[in-house]
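Colleague: Before I use the labels attached to this model, I would like to hear the grounds for them. Can we go through them one at a time?

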Amino acid sequence: MRLALVIVTAALTVTTMSGCTSETPAPRADSTAPVIAPGKPGEEARTLAPDEAVSAVPQATANAADIAYVQDMIVHHQQALDMAILAPSRAESAKLKSLASRIKDSQGPEIQWMRTWLQQQGQRLPDHHGAHEGMAGMATPEEMEQLKAASGQAFDQLFLKLMIKHHEGAIEMSTEVLKNGSHLRIEELANDVGVTQLSEIRRMREMQAG
């Protein structure tokens with residue numbers, strides 16, 4: 001799976017990025033503290049009993065690359081949502097509106113999953129609109145203002161330009177964590193992000209061509 005995404009990314013000819021830390025000890029069977037177990041992306045988390053939590057803890061541990069990826073991807077996804085929620089009132093293309101809705105419906109739950117995962121690891125939750133200088137694919141504040149001010153075909157063209165770049169950045173970040181991360185859940189997330197957003201890039205390029 002790791003190799004598959006690396007090969008896919010090379011075909012897109014995009015470049016590289018990301019960096020934080022810490023490991024959380026496994027829950028003890030005699031602990032009374034609740035343990036929140038995140039489901040798969042898009043699924044609700046559930047509370048485990050202490051004795052259930054001991055056997056539920058994954059053997060893989062998170063490293064600095066995993067933590068940094070998730071913290072950065074929350075901010076990255078949030079900007080995609082900020083862009084997608086503009087489409088219903090500003091876009092002209094029905095296909096673009098449908099794509100924006102899919103982006104919102106998939107990345108919103110992924111943000112919630114990543115926030116729960118970070119809490120489980122005892123790590124800092126980033127501000128949704130935190131600083132993102134140097135983060136791959138992110139639109140600048142000026143570009144976001146231009147998008148908010150646009151409508152009709154002008155909005156569609158700018159949205160596609162910015163979102164393709166944004167998706168390429170997410171694939172770049174996912175490729176990096178597949179190389180440097182260690183946690184199985186984050187490997188699964190990164191592969192899912194890569195496959196989903198590559199498919200959406202193809203759709204957006206078809207829209208640009210059309």
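Modeller: This is a predicted model, in which local features need pLDDT of at least 70 and side-chain atom pairs count only at pLDDT 80 or more, while totals for chains, interfaces and linings use all residues. Residues are numbered from 1 along each chain as its sequence is written, and side-chain values use heavy atoms, with hydrogens and water left out.

Colleague: What makes the pair Lys-104 and Asp-105 a salt bridge?

Modeller: The term requires a side-chain nitrogen of Lys or Arg within 4 Å of a carboxyl oxygen of Asp or Glu. For Lys-104 and Asp-105 the closest N and O atoms are 3.4 Å apart, so the pair meets the definition. The structure holds 4 salt bridges.

Colleague: Why is Asp-105 called partly exposed?

Modeller: Buried means under 20% relative accessible area, exposed over 50%, and partly exposed in between, with a 1.4 Å probe and protein chains only. Asp-105 has 48%, so it is partly exposed. Lys-104 is at 37% and therefore falls in that class too.

Colleague: Which labels do Lys-179 and Glu-176 get, buried or exposed?

Modeller: Lys-179 is at 51% relative accessibility and therefore counts as exposed. Glu-176 has 14%, so it is buried. Their side chains meet in a salt bridge, 3.6 Å from N to O. They are 3 residues apart in helix H7 (residues 152–180), so about one helical turn separates them.

Colleague: Why is Gln-107 called buried, and what makes its link to His-77 a polar contact?

Modeller: Gln-107, in helix H5 (residues 94–120), is at 3% relative accessibility, so it counts as buried. A polar contact is a pair of N or O atoms within 3.5 Å; within protein, one must be able to donate a hydrogen and the other to accept it, and residues adjacent in sequence count only if both atoms are side-chain atoms. The side chains of Gln-107 and His-77 make such a contact at 3.1 Å. Leaving aside neighbours within four places in sequence, Gln-107 also has contacts (heavy atoms within 4.5 Å) with residues including Ala-80, Leu-81, His-167 and Gln-197.

Colleague: Which residues make the contact between H6 and H7?

Modeller: The axes of the two helices come within 9 Å and cross at roughly 145°; axes are lines fitted to C-alpha atoms, for helices over the stretch in contact, with angles from 0 to 180 degrees between N-to-C directions. H6 contributes Glu-143, Gln-146 and Leu-147, and H7 contributes Phe-155, Leu-158, Phe-159, Leu-162 and Lys-165.

Colleague: Why is Leu-147 called buried, and how far is it from Phe-159?

Modeller: The relative accessible area of Leu-147 is 0%, so it is buried. Leu-147 and Phe-159 are 12 residues apart in sequence and 6.9 Å apart in space, C-alpha to C-alpha. Beyond neighbours within four places in sequence, Leu-147 is in contact with Met-83, Leu-86 and Arg-90, among others.

How values were computed
Helices (H or I, at least four residues) and strands (E, at least two) are DSSP runs, numbered from the N terminus.
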